[in-house]
Amino acid sequence: MNTTEKYNLANLVMDHALKNGADQVSVSINDSRSSDIEIRDQKIDKLTESIRNSLTIKLFVDKKYSAHSTSRLKKEELFHFIEEAIAATRFLAEDEFRSLPEPDLYYKEGSFDLKTVDPVLDSIKAETKIDLANEVLNEAFGKDDRIISVSSYYSDSISNRVMVTSNGFKGDSSNTNVSLYAVISVKGDSSRPSDYWYENAIFFDKLNKKGIGQKALERTIQKIGPKKIKSGKYPVIIENRSVSSVLNPLYSALEGSSIYQKQSFLASKENKSVASPKLTIYDDPFITSGFGSQLFDNEGLACIKRPIVEKGILRNFYIDTYYGKKLKMKPPSGSSTNVVFTTGDRDLDGMVKSMKIGILITGFNGGNCNGSTGDFSYGIEGFLIENGKPVHPVNEMNISGNMNQFWFNLMEVGNDILDGEAFRTPSMMFEDIDFSGI
Amino acid sequence: MDHFEVTPEQLQRILTTALEKGADYADLYFEHTQNNTSALEDGKVNSAYSNVKFGVGIRVLKGDQTGYAYSEDVTEEAMIKAAKTAANIANSPGASVPLNINEYQPPNYYPVINSWEETSIKNKIPYLQRMNDQIFAADKRITKVNAYLQDSSSYILFFNSEGRLAWDFRPMAVLVAVCIMEDKGRIENFYVTRSFRTGSEFLTNDLVDELSEEVVKRTALLFDATKPKAGEMEVVMGAGESGILLHEAMGHAFEADFNRKNTSIFSDKMGQKVAESFVNIVDDGTIPGNRGTLNFDDEGNATQRTSLVSDGILKSYLHDRISAEFYKVEPTGNGRRQDFRNIPIPRMRCTYMENGPHKREEIIESVKNGIYVDNFSNGQVNIGAGDFTFFVKFGYLIENGKLTRPIKDINIIGNGPQALADIVMVADDKTLSNAGATCGKGGQEVPATFGMPTVKVKKLTVGGINS
């Protein structure tokens, strides 16, 4: 389906729902195409092609609400699906807070191009993709006697969405993504450590295609011979690609649903200090070719650039229309776009060199955070650092604490942002973190 | 075949296309799934959600290489197109597939009395309302209750190039109770779930009352909870949900795809002693009504009760078609997939430990300073390194052989082979957990369950506080 066909179907479905008793309706149609290639030990292991379609309809019927999605997009089947959905919705209890957003908050067509689509991607030949994955693999394959297995992956995807609502919203967007990935296992003393590296891009020509296999191999070999160290409080550096694990609980606590459900340790802390003054986070939907860039969110609300945390002070939450009404808060948007940090002066190496004794975390292993209280505990892997140098890998250790305190322990924010993700995290250094080990 | 409006001749033509470039084997996996969720918030069932998945996955194998494509349109034209894409894994002349249908009649481990498809939301609402009312009535400190009912019905049709034809109807039900309590400015939350492969006969007042009582009791205890000291200690794992230890510490590492690739920490341990002689671990896909049970796996193979560790010896991995072929063993019925959009891979079903020679009381009494845990939210494992973790929602300190203060929100980490060898006591109170666990691997989520008698692990690293 092209964009016009998607709009036509969305409008048809919306009209059918309105004719059959819905007071308000939102319809979105998404489709995507993706291609995945896995090479293992110099042989193609998997070739996967997928084409996916779905339609989602939100129904507001007599102050009652339900939402439905389906991959069966034939008109007659959709009509029957909607009629049944409206009938079922009538059995629900009324909810005065359910409605479409106020029309003046909607994105209006005509803004600038965020450059989130590579028109070339659809024409990349399968042979080219296989060659690229092979090049990634060959950077590592046979390069060390300890290697057990090398796998490399090429993936690309193109996704499109169209959305209409019965109170006037109309919008469409498209995104492309291409990535190369390597994962390597090696024989250690008593275990088989593995690690990975990847590169991600929106444009095929901008994808960094070199050094992926080599970097994955270096990282894996460095993990041979891990040791557990004594329990205690240590300063810690968290590598940029792992920072999102400790950021996610903070982000969950900023959501309207968490606040309303009393599962947010940040509820009622607007304009209060929640972190070290080193922490400044903006939500910026308009970065050219950003992985989280968008003009409107999944309700059609116009995205705006806004501060989330400024020098440790909490400035904004992520509030959607429903919880905005329940909490009497204005809904700028219920979902994050590009999460951008004010960065410091040094990269990961610079921070490691400055550490007398501490731990560099390069990955998390399980764990969780209690949203109501902020208590957390996570398994970690990484390295013991002494006098600015990694001494040996560490494993089988946990970090624990409370998110309300943890972010006040932030000492330094790096300048090595992860620009291939929507969460553009730099490496970060914290002091006095509880580790459990021996 | 009527459900998907396809004929045997069409299936034959699609498989012939899938094999036209010389692959060894192809299969078709048709799925039609309807998921429904009814949700209670603020004392009312005021939102409902549904999702329909419909399509066919076409898999082509050449040795251990896989070509895969799927179509959400089951017209012959669309399926032929997908089959041509999947066929590209091979590159030599193919042969046509003879129409040789061998219909497999599996046992039915989950007969349905009342189908979810025939159950109106009108009949689901009173149970969620009852749950809300029961929970609120139980304690004045309760400020929020959420309740969810998720149900699904899946029609599955499987056909492969060896002529195997099988169909299945797979029901699923999950009930969730969430309780928020506030006391003197502190907020605590807890949730309890139950899940079975069953129809709407699942919904009973007894089940609702059981969940309501449990969630209130556990939430209230959290106000007294403390955190243990950080570090290594003896850990007693209570009967039931503690099966997460088996799932994370060894179950994933027993999945044969990792072993075939030599990347599991258990890759060279087949036939070796890996645990005390009273340790017996099983993965079972045949327990009636269990969330992890399947009448046949997603490659059309019979499910079974697979003995993984017998008298402390590693006896079997968990196989899919590719790994069974590699190891020259019979498939164990562990080839599973999230849905028709995904390739089947070895996955657990219900993984549990059999009873051992000890008593629960003597296990607890044997610990001077340690913890007792029996309720978890999530776990994870690094297959090659062997490091596994699980997050404890609730447990107790053990001091001088007695359960004392509650503990909560701690992560426990250990190493799989070491933890298995460190299981030094196993009680005789085996319990299967029906807490609705979902297992993630390779981007695919499948329902899985586990079980355990009370056991003692000599040493695990407990996330806690350093004084």
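Predicted model: local features only at pLDDT ≥ 70, side-chain atom pairs only at ≥ 80, totals over all residues.
Helix H3 of chain B covers residues 121-138. Six positions of H3(B) are buried, namely B:Lys124, B:Tyr127, B:Leu128, B:Met131, B:Asn132 and B:Ile135. They lie on the same side of H3(B), because the arc they cover around the axis is only 140°. B:Lys122 and B:Ala137, by contrast, are exposed and sit on the face turned away from that buried side. Within chain B, the buried residues of H3(B) pack against strands E1 (25-41), E2 (44-62), E5 (142-160) and E6 (164-183), and also against helix H4 (205-221).

The contact between the two chains involves 58 residues of chain A and 65 residues of chain B. On the chain B side, E2(B) contributes the largest share, with 12 residues. By class, this side comprises 31 polar, 23 nonpolar and 11 charged residues. Strand pairing also links the chains: strand E2 of chain A (residues 43-61) runs parallel to strand E3 of chain B (residues 65-71) over 4 bridges. Within this pairing, A:Thr48 has B:Tyr68 as its bridge partner.

In chain A, A:Phe204 is found in the loop that joins strand E6 (194-201) to helix H4 (212-222). Leaving aside residues up to four places away in sequence, A:Phe204 touches A:Asp118, A:Val120, A:Leu121, A:Ile124 and A:Val178.

Conventions. Residues numbered from 1 in each chain as written. Chains lettered and ligands numbered in written order. Helix = DSSP H or I, 4+ residues; strand = E, 2+ residues; numbered from the N terminus. Expected span 1.5 Å × (residues − 1). Buried ≥ 20, exposed ≤ 12 C-beta atoms within 10 Å, placed from the backbone. Arc of directions from axis to C-beta. Contact = placed C-beta atoms within 7 Å. Nonpolar A, V, L, I, M, F, W, Y, C, P; charged D, E, K, R; others polar. Pairing = 2+ DSSP bridges.
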